[in-house]
Amino acid sequence: MKLNAFIQECREELKKVQWPNRQEVVQSTFVVLGTVLFFSTFLFLSDMAFVRLLTGFWNL
């Protein structure tokens with residue numbers, strides 16, 4: 001009995017949700033991918049710079 005009530009309440013709540021349309025999902029996806037690409041490139045270049053800097057210090 002409790003399971004049926006729970007499922008019914010879930011359905012009612014999901015009807016109230018304002019779901020994004022396709023354009024909003026695609027736009028948000030591009031923003032996320034762009035941000036991930038930017039920060040991954042930044043971290044990669046920073047890591048390479050620190051490795052070269054530390055290698056230079058170790059070779060002194």
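1. A polar contact is a pair of N or O atoms within 3.5 Å; within protein, one must be able to donate a hydrogen and the other to accept it, and residues adjacent in sequence count only if both atoms are side-chain atoms. At the start of helix 2, a side-chain oxygen of N21 comes to within 3.3 Å of the backbone nitrogen of Q23. Helices are DSSP runs (H or I, at least four residues), numbered from the N terminus, as are strands (E, at least two).

2. This is a predicted model, in which local features need pLDDT of at least 70 and side-chain atom pairs count only at pLDDT 80 or more, while totals for chains, interfaces and linings use all residues. Residues are numbered from 1 along each chain as its sequence is written, and side-chain values use heavy atoms, with hydrogens and water left out.

3. Helix 1 has 15 residues, and its end C-alpha atoms are 22 Å apart, which agrees with the 21 Å that it should span at 1.5 Å a residue. The expected span is 1.5 Å times one less than the number of residues. The number of buried residues in helix 1 is zero, so this helix lies largely in the open. Buried means under 20% relative accessible area, exposed over 50%, and partly exposed in between (1.4 Å probe, protein chains only).

4. The structure holds one salt bridge, that is, a side-chain nitrogen of Lys or Arg within 4 Å of a carboxyl oxygen of Asp or Glu. E13 forms it with K16, and the closest N and O atoms are 3.3 Å apart. Both residues lie in helix 1 (residues 2–16), three residues apart, about one turn of the helix. E13 is partly exposed at 47% relative accessible area, and K16 is exposed at 62%.

5. Helix 2 (residues 22–58) has 37 residues and reaches 53 Å from its first C-alpha to its last, close to the expected 54 Å. An unreviewed UniProt entry places a "transmembrane region" at residues 25–45; such annotations may be inferred rather than shown by experiment. In the model this span is 100% helix and 0% strand, with its end C-alpha atoms 30 Å apart. V36 is in helix 2 and counts as exposed, at 51% relative accessibility.

6. F50, L53, L54, F57, W58 and L60 make a nonpolar surface patch of about 790 Å². L60 lies in the segment after helix 2 and is exposed at 84%.

Notes: Patches are made of residues with over 30% relative accessible area and no salt bridge: like charges are joined within 9 Å, nonpolar side chains (Val, Leu, Ile, Met, Phe, Trp, Tyr) within 5 Å. Accessible areas come from the Shrake-Rupley method with a 1.4 Å probe; for residues, only the protein chains shown count as cover.
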